[in-house]
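Welcome! Have the picture open as you read.

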Amino acid sequence: MTAAAILEIRDISKSFGAIKALTGVDFTLQRGEIHALCGENGAGKSTLMNIIAGIAQPDEGAIRLEGKYVTITSPSAAQRLGIGLVHQEIALCQDATVAENILMAAVNNRRAPLMNFRRLYADAQRIMDLLAPIPVETPVADLSISNQQLVEIAKALTLECRVLMLDEPTAALTETEAQRLFAIVRDLKARGISIIYISHRMAEIFSLCDRVTVFRDGRYVATDSIASVTPNDVVRKMVGREITQLYPQKLSPERRTDRPVLSVENLSYRQGSAGVSFTLRAGEILGVGGLIGAGRSEMVQTVCGLRPKVSGSVELNGEPVSIRTYSDAVRAGLVYLSEDRKASGLFLDLSVASNISALDLRKLTTPLGLLDRRAEAKQATDLVVRHGVRMSGLETQVSTLSGGNQQKVAIARLLSVGPKVVILDEPTRGVDVGAKVEIHRLLRDLAERGIGVIVISSELPELIGLSDRVLVIHEGAIVGELGADELTEEAIMLLASGLRQQRSNARQVQNVA
Amino acid sequence: MDAEIKASAPGLGGRNGLRLGSMREAGLIAIMLALCIAMTFASPHFLTWGNFRAMLMSFSIEGIVVVGMTILLIVGGIDLSVGSVVCFSMVVSGALFLMGLDPWTASLIGIGASALIGAVMGFFVTVIGLNHFITSLAAMVIVRGLCLVITKGTPLSLFTLPPGFKAIGQGSFGNVPYVIVIFVVVVAIFDFLLRRATAFRKVFYTGSNEKAAQFSGIKTKQVKFWVTVLCSTLAGFAGIIYMSRFGAATPTFGAGMELNIIAAAVIGGASLNGGSGTIFGAILGMALLSVVTSSLILLDVSVYWQDMIKGCILLAAVSIDHFLHRRKS
């Protein structure tokens, strides 16, 4: 086993202050394999990546690269050893061209006082072409997120890397883009590059990787060949307990009703584009699928008054409502969870209690215009206790919570106004498996209490496991509607990619309802 | 700074949910106490009511401007024009008084004119979409120019102001000057409002994450606009007190004041990135700078050294802050 190992981690420990991030972990990467590294958030995956990439130094332990002991003191030392890391978050200079980004290290090391742009572009294009035909003179800001991700990978490849680490590379990608990335990763493997692949998504780990190592609470749990384990085994090792059911029970056919909670008629946010119509029924979770950029978020944001609408009408529980601003929507009982928790969801440097009260301050305001702190604390306690947010107190700063708990706080805020309909955009992005299960249960619980739930998700297993019905969006239009028994990844992808249309059918269904 | 440990019994005894700065305030008080004790031994003149009154007087009026600046910093803005606006308010009301208006009406117009400057800046920030730094930099220069135009470059002598008006800046309740009373009242009101009023909670939301605030239905542009207006209005109010105190309106008055004020707010915990800061902290920051200045004078340190030392204190305060934040994340 050791003979073929390119990278061996032995007994590495690392503490940050009083927190032990890693305790004596082992990890072996074989030459030319794709090795998945799994664990919940906080399990120590990123710390290990940072140590291998020279960003952090281990307190104890040894690293061997191709049999030789190495000390990786800095990112540039890691680069010299042929170790590349593609971070989860895209860190490119948005105003610089693709070429300048890809060859940043080379430019930095250049002795000559002037730039040689012709050579820069030629060199960069050669590397970029290995991945995708993206013109390297383009400013990075003009690229889609998925193409930016490819630029990140290209950047790592320029360093002639032998070991490539990918930290949740598909977090921001749609299914098709992810498939393209997988093909590229397999191609890199065929060229002899050894790959460490971090992901929460079991489906992609099982289709892409050769072996999987699981960490839990900063400790090594197990390494297995993918062929010898099931996704449930891996999840069980990650959370350290049995998760009997990944997704909650769906709505049973006998409890299904036709009573609409939300009806949207001919809604359009762009001049000249056809409007969309759909109905959300009481008790169901309605999934919304489609590629990123298909207009899913735009559609629901228009419903909620976060974007101006060109046409269309909205009815809540059969009553027409006029929604011009988001405040109108909140007042009517329609709330929205944005997809980017950090950028547009939470107030990270404020406390849990004040995050929860943001949506409806009026309710907590005394006649003198002061904030009723007792009511605020009570509301926060009620909502937070009900959803099992783990924290030390309501004054806890939200930035110190885990992704899953942050998301629960964001959802608690939506529930603070007693909504009739909640619309959630990628509610479990960047959330670990345990919290994900809890959020799914919570959503199902809401639906059972009669609150309408709409979930947008790019993760097909989630969409299929959670929804009672799925609408598929392609280029701003609803191209299909799939009932619980028709939900397969293939069916959704065929519609999402525009290969199949079935909306006329859906329209009939709707007219009946 | 002490995010975790607080309030297992939420709401009871715990401070406003937006507050994380009590450690810093305790730290500032400790530093100031240490400095005061040391100075008591170093100079017999330090621990006297006369000296304390002089120190309080020296920062009371600027302290009113600090209040506005702190709130503006919390919303994520900054205002470089406050020094010019203080002067503008003096010059406008002084000139109107000399034209025969009664001084109280003239003062109200002066404050109104200052608020208007704030509204214009607010317009450029929220409607046109410029940032606060550049907008207020331009306003600083333009308003200073206006002051020179109105006065034709020479100080307005206002010794004819009626005694009742001069009393604001010069009179006192027994031993306590009105100026200090006004300062304490303004600080108390805004400190309370900032901690407790719903309207000011929106300031924190907007400064902490403008997008998230919009997604919560908060009209962040309105919030930014009104805070900008408030900051200029308070600067105008301070200008009136200065006018009453000095009985004059000099067109160059207040130049460089903005730096002192921003420094005080930042030492007191306001972040230039928005989302955090307290009035109490900012006033402590201002007080610390004032104690230092007073000490340096009493110790006969050359004036030339004073600015340098103040700058170093600012740098130290911000560095400590940065270090604490980094360790946390």
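A residue is called buried if 20 or more other C-beta atoms lie within 10 Å of its own, exposed if 12 or fewer do, and partly exposed in between, with C-beta atoms placed from the backbone. Helices (H or I, at least four residues) and strands (E, at least two) are DSSP runs, numbered from the N terminus. This is a predicted model, in which local features need pLDDT of at least 70 and side-chain atom pairs count only at pLDDT 80 or more, while totals for chains, interfaces and linings use all residues. Residues are numbered from 1 along each chain as its sequence is written, and chains are lettered from A and ligands numbered from 1 in the order in which they are written.

**Chain A as a whole**

Let us start with chain A, whose secondary structure comes to 19 helices and 20 strands. Its radius of gyration, taken over C-alpha atoms, is 25 Å, close to the 24 Å that the globule rule (2.2 Å times the number of residues to the power 0.38) gives for 513 residues, so chain A is as compact as a globular protein of that length. Along the principal axes, the C-alpha atoms of chain A fill a box of roughly 70 × 50 × 50 Å. Of the 513 residues, 50% count as buried. Two residues are in contact if their C-beta atoms, placed from the backbone, lie within 7 Å. Among contacts in chain A between residues at least 6 apart in sequence, 68% join residues at least 24 apart.

**Strands of chain A**

Which residues cover the two faces of strand β6 (residues 83–86) of chain A? Ile83(A) and Leu85(A) lie on one side, Gly84(A) and Val86(A) on the other, and all are buried. Two strands are said to pair if DSSP finds at least two bridges between them. The table gathers some of these pairs.

| Strand | Partner strand | Sense | Bridges |
|---|---|---|---|
| β6(A), residues 83–86 | β7(A), residues 163–167 | parallel | four bridges |
| β1(A), residues 5–16 | β2(A), residues 19–30 | antiparallel | eight bridges |
| β1(A), residues 5–16 | β4(A), residues 60–65 | antiparallel | five bridges |
| β11(A), residues 260–268 | β14(A), residues 311–316 | antiparallel | five bridges |

Val86(A) has Leu166(A) as its bridge partner in β7(A), and Ala5(A) has Gln30(A) in β2(A). Arg10(A) stands opposite Ala62(A) in β4(A), and the bridge partner of Ser268(A) in β14(A) is Ser311(A).

An open sheet of four strands in chain A runs in the order β12-β11-β14-β15, with antiparallel pairing. Its edge strands, β12 (276–281) and β15 (319–321), each pair on one side only. Neighbouring strands of this sheet are turned by 20° against each other on average, direction ignored.

**Helices of chain B**

Two packed helices are described by the angle between their axes and the distance between the axes. Here the axes are lines fitted to C-alpha atoms, for helices over the stretch in contact, and angles run from 0 to 180 degrees between N-to-C directions.

Helix α3 (residues 82–98) and helix α4 (residues 103–128) of chain B have axes that come within 8 Å and cross at roughly 145°. Residues making this contact include Phe88(B) and Val92(B) of α3(B) and Ile109(B) and Ala113(B) of α4(B).

How is helix α11 (residues 257–267) of chain B placed? It is largely enclosed by the rest of the structure, because 10 of its 11 residues are buried. Among them are Met257(B), Glu258(B) and Asn260(B). Just after α11(B), Gly269(B) takes a positive phi of about 110°.

Helix α2 (residues 49–74) of chain B packs with α11(B) at an angle of about 65°, with the axes 9 Å apart. Contact residues include Glu62(B) and Val65(B) of α2(B), together with Ile261(B) and Ala264(B) of α11(B).

**Where the chains meet**

How many residues does each chain bring to the contact? Chain B gives 27 residues and chain A gives 36 residues. On the side of chain B that touches chain A, α8 (198–208) and α9 (210–214) each supply at least two residues. The largest share of that side, six residues, comes from α8(B).
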